[in-house]
Amino acid sequence: MAPVMAAIVGPGNIGTDLLAKLRRSEVIEVGYVVGVVESDGLERARAQGIAASAEGVDWLLRQDPLPQLVFEATSARAHAANAPRYEAAGIQAIDLTPAHLGPMVCPPVNLGAHLDAPNVSMITCGGQATIPMVHAVSRVATVPYAEIVASVASRGAGPGTRANIDEFTRTTSQAVAEIGGAGRGKAIIILNPVEPPMIMRDTVFCAIPADADRDAITASIRAMAEEVREYVPGYTLRADPQFDDAREDWAGNARVGIFLEVRGNGDYLPEYAGNLDIMTAAAARVGELVARAKQEVPA
C-alpha cells in the first residue's frame with residue numbers, strides 16, 4: 001500500500017529531527033519541507049531528495065499533489081494563521097506548537113481518540129513528558145490538583161520555544177487537567193543555562209487522598225513509564241515515587257512526587273534536547289496512526 005504523503009512546515013530543530021524520524025516510517029512519505037527563510041533544515045531536506053522551499057505555506061498549497069498530512073513545527077501564532085488554510089485544502093494537521101486549535105493528544109493516554117480530527121494538538125514538550133504520569137496516578141486515585149515543572153537546557157530551546165513560553169504554560173496546564181485527569185493543573189518551564197547542557201528533567205506533583213493506595217499508584221507509574229519508553233527510549237524514572245502524608249494546608253490531601261529524565265534519541269538533536277525529542281517522537285507516533293487510518297479508508 002502506498003505511503004501517505006506528508007509535509008513538514010518549520011524546518012528548524014524540531015522539524016529537522018521529525019524528518020529524521022519520519023524517514024524511517026513505512027506509512028508516511030515526507031514529500032515537502034517548508035520554511036520562510038533559507039536554512040540548514042531546508043538544505044538537509046533537499047540533500048535527501050525532498051522538495052523544499054522558503055516560500056512558505058503559499059508554495060506548499062500550490063503543489064501537485066498536495067500532502068494529506070502536514071506537521072507544523074513553527075510557532076503558535078503561525079499555526080493559528082495556517083490552520084484554516086490546511087483545512088480548506090483538505091490537509092489534516094498535526095500541530096507541534098502550543099496553539100491548541102484542535103483536540104489534544106498524548107500517545108499513551110488517548111492515542112486513537114481523534115484520528116479523523118482536521119487538526120490535532122501535540123500539546124507541548126513538557127506536556128508529553130508529564131501528562132502520562134498525571135494520568136498514571138489519576139487512573140487509580142483521585143487527583144484534585146497536579147503541578148509539573150519542566151527543566152530544559154537553554155541551548156536546546158530555540159527561537160520557536162522561546163516565543164511560545166506563555167502558550168506553553170497555558171496549554172500544558174489545561175492538558176494536565178483535561179488529558180491527565182487532574183481537577184486543576186499548573187505548569188512551569190525552566191530554561192537552565194548550565195554548561196555542559198543538562199538532560200531534560202521533569203518533576204510532577206499530584207495531590208492524592210490521604211488513604212490512596214500507594215502501591216497501586218507506584219505500579220501504575222512504573223507501567224506508564226514502560227509504555228512511554230516504547231517510543232521514547234530515553235524516558236526514565238530518576239527515583240521511586242515519593243509520598244508525603246496528608247497536611248491541613250493541602251486541604252487534607254497527601255502528595256506523590258514523580259521525578260523524570262528525558263534523554264534524546266540523537267536522531268538529529270543532541271541527547272540533552274530530550275524536550276524536543278519527546279515532542280517529535282510523539283508526533284511521529286500519532287502521524288503514523290493517522291496515516292494507517294487513511295490507508296484503510298477506500299479512495
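## Strand β2 and its crossovers

Strand β2, helix α2 (residues 40-47) and strand β3 form a right-handed β-α-β unit; right-handed means that, with the strands pointing away from the viewer, the path from the first strand over the helix to the second runs clockwise. Helices (H or I, at least four residues) and strands (E, at least two) are DSSP runs, numbered from the N terminus. The model is predicted, with pLDDT of at least 70 required for local features and 80 or more for side-chain atom pairs, while totals for chains, interfaces and linings use all residues. Residues are numbered from 1 along each chain as its sequence is written, and side-chain values use heavy atoms, without hydrogens and water.

Of the seven residues of β2 (residues 28-34), six are buried, that is, under 20% relative accessible area with a 1.4 Å probe and protein chains only. Strand β1 (residues 4-9) runs parallel to β2 and is joined to β2 by six bridges; pairing requires at least two DSSP bridges. The path from β1 to β2 passes through helix α1 (residues 13-22) in a right-handed crossover. β2 also pairs in parallel with β3 (residues 51-53), over three bridges. Tyr32 of β2 is the bridge partner of Ala7, and Ala51 in β3 is the bridge partner of Tyr32.

## Packing of helices α6 and α10

Helices α6 (residues 125-138) and α10 (residues 274-296) pack at about 80°, with their axes 7 Å apart. The two helices are therefore roughly perpendicular, a class covering angles of 65 to 115 degrees. Cys125, Gln128 and Ala129 of α6 meet Asn275, Ile278, Met279 and Ala282 of α10, contact being heavy atoms within 4.5 Å.

Key:
Axes fitted to C-alpha atoms, helices over the stretch in contact; angles between N-to-C directions. Parallel < 35°, antiparallel > 145°, perpendicular 65-115°, else oblique. Buried < 20%, exposed > 50% of the residue type's maximum accessible area, 1.4 Å probe, protein only.
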